[in-house]
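Thank you all for making time this morning. I would like to walk through one model with you, going from the overall layout down to individual residues, so please have the sequence and the structure open as I talk.

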Amino acid sequence: MMFQLHKNRSFSTYINDTFLFFKMHGKSYFKNYFIINGALLLLLIAIVFFGFQFYFQTLFSNLGNPGLDSNPMVNMLTDNVGFIAFFAILIMVLFFFISVLQYAFPVIYFDLFDKKNNDDIEPSEILQSLKQKSFKIFKFFIALVFIITPIIVLIFGLNILLFFIIIGIPLFFITAPAALSWVNISFYHYLNSTDRLFPSLAVGFKYLKQQFWTNVGSTMIMIIIIQIVMTIFTTIPYLLGMVNMFTDFSPQSGPINPEQFSALPMLMTVVMVISLVANYILSNLIIVNQGLIYYSQKETEENTSANHSIDLIGSDSE
């Protein structure tokens with residue numbers, strides 16, 4: 001039995017089918033995901049690990065020596081301005097490129113999954129499709145940065161102003177997932193159709209409105225699930241490390257010894273790396289969920305599954 005992309009879904013079905021997809025086809029999905037994104041993720045992890053390790057070690061190097069005339073962190077920043085600027089630009093470019101792949105991968109995978117009607121998808125097919133659609137992908141992200149994001153920021157700014165009359169708080173929890181869903185649905189449509197950018201944004205808005213509360217609700221639930229799992233992955237190791245470190249520290253032992261906190265830079269670095277990796281992997285949940293919204297609304301609009309069933313009957317008779 002294959003997972004059905006094109007079908008009408010309710011609120012609970014969106015949540016259940018998101019996890020059902022990973023249960024049925026997660027092996028194929030993540031195999032391709034790590035083959036395509038794995039090298040860049042490892043590079044990013046290495047840069048973040050060594051970068052934050054150096055940063056935190058420098059930050060805590062003067063712990064217990066408040067009388068020092070110079071601050072090691074200030075000295076490090078002033079002595080390495082050029083290197084730090086280059087490092088920051090490198091990180092931003094790498095983050096941007098990985099984020100583009102991160103958001104494009106599920107869209108491309110679903111498109112191939114829909115066309116082939118199975119999960120026998122090779123990394124070469126995904127890479128070929130990414131190459132063919134690379135211009136549209138980067139065009140969408142440029143529009144996201146310079147057109148879509150300013151509009152969303154303006155809306156959120158109005159929400160914040162409305163916080164003073166209470167109504168802005170529930171509005172924020174509606175507009176945030178709605179904006180996220182609109183962008184994702186529009187991205188799915190833009191890559192998987194011949195429509196240009198602004199017509200795709202219009203279609204995304206139309207699909208969002210068709211089951212507005214259902215779409216917003218399922219998106220919000222996925223955000224909450226991701227945040228809970230992220231908290232488990234990051235907070236628990238951090239708390240365990242802090243408890244272990246401070247149980248070895250005694251106020252009666254005299255002045256603070258920096259060696260007592262030598263594990264803190266490593267602990268904070270590891271938590272940062274775990275948070276980074278977990279964020280990228282878990283974001284697949286919400287992008288896949290948005291894909292189900294897109295294909296469900298497309299089914300409502302075009303009755304695709306009925307046409308697809310007729311095509312399958314014709315192919316079977318041959």
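Read along the sequence, the pattern of this chain is α-α-α-α-α-α-α-α-α-α, that is, ten helices and zero strands, where helices (H or I, at least four residues) and strands (E, at least two) are DSSP runs numbered from the N terminus. Please keep in mind that this is a predicted model, in which local features need pLDDT of at least 70 and side-chain atom pairs count only at pLDDT 80 or more, while totals for chains, interfaces and linings use all residues. Residues are numbered from 1 along each chain as its sequence is written, and side-chain values use heavy atoms, with hydrogens and water left out.

Of the 318 residues of the chain, 41% count as buried, and by buried I mean under 20% relative accessible area, with exposed being over 50% and partly exposed in between, using a 1.4 Å probe and protein chains only. If we take contact to mean heavy atoms within 4.5 Å, then among the contacts in the chain with a separation of 6 or more, 76% are between residues 24 or more positions apart.

Which residues touch the most other members of the largest nonpolar core? In this core of 68 residues they are Phe21, Tyr109, Phe110, Ile126 and Phe140, and a nonpolar core here is a set of buried Ala, Val, Leu, Ile, Met, Phe, Trp, Tyr and Cys residues joined through side-chain atoms within 4.5 Å. The elements that give two or more residues to this core are α1 (11–59), α3 (81–116), α4 (123–132), α5 (134–162), α6 (168–191), α7 (197–210), α8 (212–247) and α9 (263–302). If we look at Ile126 in particular, and do not count residues up to four places away in sequence, Ile126 touches Asn32, Ile36, Phe105, Ile108, Tyr109, Leu112 and Ile121.

Next, the helix pairs, for which axes are lines fitted to C-alpha atoms, for helices over the stretch in contact, and angles run from 0 to 180 degrees between N-to-C directions. The axes of α5 and α6 are 10 Å apart, and the two helices pack at an angle of about 170°. They are therefore roughly antiparallel to each other, given that angles under 35 degrees count as roughly parallel, over 145 as roughly antiparallel, 65 to 115 as roughly perpendicular and the rest as oblique. The residues of the contact of α5 with α6 divide into 18 nonpolar, four polar and two charged, where Ala, Val, Leu, Ile, Met, Phe, Trp, Tyr, Cys and Pro count as nonpolar, Asp, Glu, Lys and Arg as charged, and the others, Gly among them, as polar.

Apart from neighbours within four places in sequence, Asn159 is in contact with Gly168, Leu171, Phe172 and Thr175, and the C-alpha atoms of Asn159 and Thr175, 16 residues apart in sequence, are 8.6 Å apart in space.

Ser200, in helix α7, counts as buried at 0% relative accessibility, and beyond neighbours within four places in sequence Ser200 is in contact with Ser186, His189, Tyr190, Ser193 and Asp195.

How are α3 and α5 arranged? Their axes come within 11 Å and cross at roughly 115°, which makes α3 roughly perpendicular to α5. Here Phe96, Phe97, Ser99, Val100, Tyr103 and Ala104 in α3 meet Ile137, Phe138 and Phe141 in α5, and the residues of this contact divide into eight nonpolar, one polar and no charged.

Asn117, in the loop between α3 and α4, has a positive phi of about 60° although it is not a glycine, and at 32% relative accessibility Asn117 counts as partly exposed. Met24, in helix α1, is partly exposed with a relative accessible area of 27%, and the C-alpha atoms of Met24 and Asp119, which are 95 residues apart along the chain, are separated by 9.4 Å.
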